[in-house]
Amino acid sequence: MTTGAPPPTYPARPRRSRLRTFLPLGIAAWLVLEIWLLTVVADAIGGLAVFLLLVAGLVLGSVVIKRAGRRAFQALNEALQRGGTPAGGGGNGLMMLGGLLIMLPGLISDALGLILLIPPVQKALSAYTERTFDRKLREATAGSFGDAFQQARIHRPDGKVVQGEVIRDEPRDAPQEPRPPLTG
């Protein structure tokens, strides 16, 4: 049965970003390299020594994360007592990332985690990240967070895109009753 309407033309799929294309490949290559390096080192110094090295990394990483978390919490407490917000994390986020990398089993991740614990590296990486974030923020188009919801699109199974907007029209004089919980 034909309706006389032309068949729907499906829009071309947007290109995948390079990050989405190469990230899984990079993670797989990193894992293979970690396993290969562990087997080479285990061959050279013995399996028990590598196991003890991995356990020591787990313990050291958890100590670093705990210490960084405690420092971040103290900085937050001091800032709240002064009545302000914490100015700069002091590298606590990078210390936590370093601790997490040390906790992961593998020698490459341990080396990267230890590098992140060096204060000059933390300062340089923090400055670079802040500059990049500020640049991306300046390049972003103007608009509010609500604009993202007003331009929501619904993708139907047949491929058609229905653009819409939700408007709640309630009288301002209506008494505000408590709403029932969403969980049932």
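Reader: Where is Leu97 placed?
Author: Leu97 lies in helix H3. Helices here are DSSP runs of H or I with at least four residues, strands are runs of E with at least two, and both are numbered from the N terminus.

Reader: Before we go on, what sort of model is this?
Author: This is a predicted model, where local features need pLDDT of at least 70, side-chain atom pairs count only at pLDDT 80 or more, and totals for chains, interfaces and linings use all residues. Residues are numbered from 1 along each chain as its sequence is written, and side-chain values use heavy atoms, leaving out hydrogens and water.

Reader: Which residues of H3 are buried, then?
Author: Asn92, Leu94, Met95, Gly98, Gly99, Leu101 and Ile102. They pack against helix H2 (47-82), helix H4 (107-116) and helix H5 (119-139), where contact means heavy atoms within 4.5 Å.

Reader: Where is Gly91 found?
Author: Gly91 is in the loop between H2 and H3. With a relative accessible area of 15%, Gly91 is buried too.

Reader: New topic: how many residues does H1 have?
Author: H1 has 28 residues, and its first and last C-alpha atoms are 39 Å apart, close to the 40 Å expected. Just after H1, Gly46 has a positive phi of about 105°.

Reader: At what angle do H1 and H2 cross?
Author: The axes of H1 (residues 18-45) and H2 cross at roughly 125° and come within 7 Å. Axes are lines fitted to C-alpha atoms, for helices over the stretch in contact, and angles run from 0 to 180 degrees between N-to-C directions. H1 and H2 are therefore oblique to each other. Under 35 degrees counts as roughly parallel, over 145 as roughly antiparallel, 65 to 115 as roughly perpendicular and the rest as oblique.

Reader: Which residues meet there?
Author: From H1, Leu38, Val41, Ala42 and Ile45 meet Gly47, Ala49, Val50 and Leu54 of H2. By class, this contact has seven nonpolar, one polar and no charged residues. Ala, Val, Leu, Ile, Met, Phe, Trp, Tyr, Cys and Pro count as nonpolar, Asp, Glu, Lys and Arg as charged, and the others, Gly among them, as polar.

Reader: And what angle do H1 and H4 make?
Author: About 105°, with the axes 8 Å apart, so H1 and H4 are roughly perpendicular. Trp30, Leu33, Glu34, Leu37, Leu38 and Val41 in H1 meet Leu107, Ile108 and Ser109 in H4. That contact divides into seven nonpolar, one polar and one charged.

Note on methods: Buried means under 20% relative accessible area, exposed over 50%, partly exposed in between (1.4 Å probe, protein chains only). The expected span of a helix is 1.5 Å times one less than its number of residues.
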